[in-house]
Amino acid sequence: MKRPIAGAVAAHNYVESALTDDLDILIALEASQARPQSSLVMLGPLLTYLKSKGYSEFQREAILIEGWAVQFIPVASDLDAEALTKAEPVDLEINPAEGSIKTRVLRPEYIVATALRVNRAKDRNRIIQFLDDEAVDIDVLCDVLDRHGLGDAWRAFCRRTGIANPCEVKSTS
Amino acid sequence: MKQPETVYPDISDILKAKAERRRDIARRSFGEKIAMMEALRERVAPFKRLREQRRAAKRASASDNAP
């Protein structure tokens, strides 16, 4: 089952990201679990499983796992669902002694699209970082933005930050 | 036939808790924030190594394709 890393730690896979102490994990819930209810109820089966493994300490709504404050974030939009499906498999070498672990991380284009949708100051900074570091595939990004109805928000972001809209530059070149 | 619309859960309480965590972090002392950064640096080192490997491969590919 795909449970990719999202948020600031996922951004670290591509750019130098902001200060954080939590690890976001995007998860898909069964339709029966997705009805309106508190997140603790929604995540109940997962939290029960983690408790059986000895992880039951919480920091607000994050659960402490091996020193990380892990926040499970249910898929809450078509963009999230697609981001989860397209998450990139990675082999993370912890250190030479411990070897590697296989995990999945959201692709950069979905991190940028999600940042644009949330659109706080730190999200706009994150988008600029991804563009400056050429850490996104512009064609893929423009397609994702277009298909998820984020084209207007993207044009507004480009105007506000004074950058040439890479989607328009691409289409006119 | 029209596909039924997907029902997504309301995650506003999770997002609210995350915002509160961020405010908690912002209220920490400078020393605590430095300690947090040090701990974070260690934890995300595997991601940084991957990122640098990817960039090195991209640079190598660009120089191979240079005229």
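Me: In which helix of chain A do A:Trp154 and A:Phe157 both lie?
Reply: This is a predicted model, in which local features need pLDDT of at least 70, side-chain atom pairs count only at pLDDT 80 or more, and totals for chains, interfaces and linings use all residues. Residues are numbered from 1 along each chain as its sequence is written, chains are lettered from A and ligands numbered from 1 in the order in which they are written, and side-chain values use heavy atoms, with hydrogens and water left out. Helices are DSSP runs (H or I, at least four residues), numbered from the N terminus. A:Trp154 and A:Phe157 are three residues apart, about one turn of the helix, and both lie in α8 (residues 151-161) of chain A.

Me: How many aromatic pairs are found over all chains?
Reply: Rings of Phe, Tyr and Trp (its six-membered ring) pair if their centres lie within 6.5 Å; planes under 30 degrees apart count as stacked, over 60 as edge-to-face and the rest as tilted. Searching the whole structure gives a count of two.

Me: How are the planes of A:Tyr14 and A:Phe130 arranged, stacked or tilted?
Reply: The ring centres are 6.0 Å apart. The planes of A:Tyr14 and A:Phe130 meet at 50 degrees, so the pair is tilted.

Me: How many residues apart in sequence are the parts that the pair of A:Tyr14 and A:Phe130 ties together?
Reply: A:Tyr14 is in the loop between α1 (7-12) and β2 (22-27) of chain A, and A:Phe130 is in helix α6 (residues 121-132) of chain A. The pair therefore links parts separated in sequence by 116 residues.

Me: Is A:Trp154 buried or exposed?
Reply: Buried means under 20% relative accessible area, exposed over 50%, and partly exposed in between (1.4 Å probe, protein chains only). With 2% relative accessibility, A:Trp154 counts as buried.

Me: Which residue of chain B lies over the face of A:Trp68?
Reply: A charge sits over a ring if NZ of Lys or CZ of Arg is within 6 Å of the ring centre and within 35 degrees of the ring normal. At 4.9 Å from the ring centre of A:Trp68, the residue is B:Arg43.

Technical notes
Helices (H or I, at least four residues) and strands (E, at least two) are DSSP runs, numbered from the N terminus.
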